[in-house]
Amino acid sequence: MEGREREIMILGAGIGGLRVALRLEKRLKRGMGRIILIDQNDYHQYLYRIHEVCGPDYDERDIIVPLSKVIGGKRIEFRKMRVERIDAHRRVVVTSEGEMPFDILVIALGSSPQYYGIEGLEENSLVLNSYEAAREIRRRIEELFREAGRGETPPRIVVAGGGFTGTELAGELAEWIPMLIERYGLRRPDSFLTLVEAMPHILPGWNPELSKMAEEILASKSVEIVTGDPVKRALREGLELKSGRMIYSDLTIWTGGVTCNRAVGGDFEMVKGRIRIDDYCHAWGYEDIYVVGDASCALDGETGKPLPPSAHIAMAQADVVSHNIYASLTGGKMRRYIGERVGEIVTLGRRHAIGELWGLRMKGLTARVMKKLIHLWYVHSIGGVKLLLGDP
Ligand SMILES: Cc1cc2nc3c(=O)[nH]c(=O)nc-3n(C[C@H](O)[C@H](O)[C@H](O)COP(=O)(O)OP(=O)(O)OC[C@H]3O[C@@H](n4cnc5c(N)ncnc54)[C@H](O)[C@@H]3O)c2cc1C
């Protein structure tokens, strides 16, 4: 091992993985280690904006950015390949291009949908967990509307899962569907979209006043909201709820939960479907394997309870992990990760947003401007002024 450059392999160039790579690259001196970044795509996704693909219009440049624009000219070796499995005991990553050995590993593969064993759900729904998935939803909706006859009622769309993702998706669809109704000369019903949530209110875990406000805004946009009734079974023609109620749909989009990316494999201890980590963001029981973002189960530093996945957590963990890898290579002191929930802002289409950040509640223009500023800050953090200004 002495004298050999250590191979630091980062799986996933999303919010957490890309930040680890960029931060490490800044700190590592030549000869200290090779940074290898692996992703199935050669672009980086602003995942927290993918629901906009299902809105009235979108600009691809607001959703994805070629990785070459961010890491070009840096000492980060990018490999486009699919991770199939991690063999932690043999210290190799099994990829679409073969096995890759590592010295230090960072798992930042994000999440996979969680179906909770609900009968028929995986086969009869789409999910919103990547740019490609968002484009598939858009394509299917356009197809359904194109096939509907003039003067008919529009196809019925159901979003199942009223958390953050489902609520933001419903907000976008509520603005796009009326345009499709008009374009294809369909009859406008009282409501054309249903949002189903198992808990008594959408945005569970949020301040109840904000949840109620979100429900009112969506209802004013002709979204039917069904709460307090979990999905029991999914069929081709719709969803059967626990109460026995049937929600008919031509397209069901499942946004009811996420679990650790399935490609991670079975070598890790899990908590609530995500990898258990220690205070330093190591995968539990492994000194040279770190986990950041949605793949990890981050605990609230105050309550000890699992925190809902968020971009903020992925970034905070990335800062700790890049520091700790550097410390492990230089004999420095490791940093602890202390989980905290800073809050979120949820958009409800292009005109409405509500949320709470650091205990400060906001809505309307303030919330929208704040969300935009956070995005600009993020873009600057990965690509500086050049990326912010959209330089080719
Ligand atoms: C619609 C939506 C809205 C959201 N809004 C917000 C918000 O407003 N605020 C907030 O804080 N959070 C929000 N989030 C959550 C936030 O985006 C995630 O918590 C964050 O992106 C997690 O970062 P990550 O690095 O763990 O994973 P990701 O950003 O998902 O990155 C994972 C990377 O791994 C790659 N990958 C996955 N599988 C493989 C494989 N098998 N092989 C190779 N590469 C692979 C992917 O291509 C991707 O680049 C939102 C999420 C969604 C879906």
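Start by colouring two pieces: domain 1 (6–113 + 259–342) and domain 2 (126–256), as the domain assignment of the chain gives them. Those bounds come from an automatic or database domain assignment. Before you click further, note that this is a predicted model: local features need pLDDT of at least 70, side-chain atom pairs count only at pLDDT 80 or more, and totals for chains, interfaces and linings use all residues. Residue numbers start from 1 along each chain as its sequence is written.

Now show the contacts between them: 13 residues of domain 1 touch 19 residues of domain 2, a contact being two C-beta atoms, placed from the backbone, within 7 Å. On the domain 1 side you'll find eight nonpolar, four polar and one charged residues. (Ala, Val, Leu, Ile, Met, Phe, Trp, Tyr, Cys and Pro count as nonpolar, Asp, Glu, Lys and Arg as charged, and the others, Gly among them, as polar.)

Next, the ligand. Where does it lie? Both domain 1 and domain 2 give residues to the shell around the ligand, so it lies between them. Select the 36 residues around it; G12, G14, G16, G110 and G293 come nearest. The cut-off here is a C-beta atom, placed from the backbone, within 6 Å of the molecule. The elements giving two or more residues to this shell are α1 (15–27), β2 (33–39), α4 (164–183) and α6 (311–330). Helices (H or I, at least four residues) and strands (E, at least two) are DSSP runs, numbered from the N terminus. By class, the shell has 16 nonpolar, 15 polar and five charged residues.

Now pick strand β12 (residues 157–160). I157 and V159 point one way, V158 and A160 the other, and all are buried, that is, with 20 or more other C-beta atoms (placed from the backbone) within 10 Å of their own. β12 runs parallel to β18 (residues 251–254), joined by four bridges, with V158 partnered by T252. Four bridges also join β12 to β13 (residues 193–197), again parallel, and there A160 partners V196. Trace the chain from β12 through α4 to β13 and you follow a right-handed β-α-β crossover: with the strands pointing away from you, the path from the first strand over the helix to the second runs clockwise.

Last stop: an open sheet of three strands in the order β20-β21-β23, with mixed pairing. Strands pair if DSSP finds at least two bridges between them. β20 (270–271) and β23 (296–297) are the edge strands. β21 (residues 274–276) pairs with β23 in the parallel sense over two bridges, and R276 stands opposite C297 in β23.

Conventions. Buried ≥ 20, exposed ≤ 12 C-beta atoms within 10 Å, placed from the backbone.
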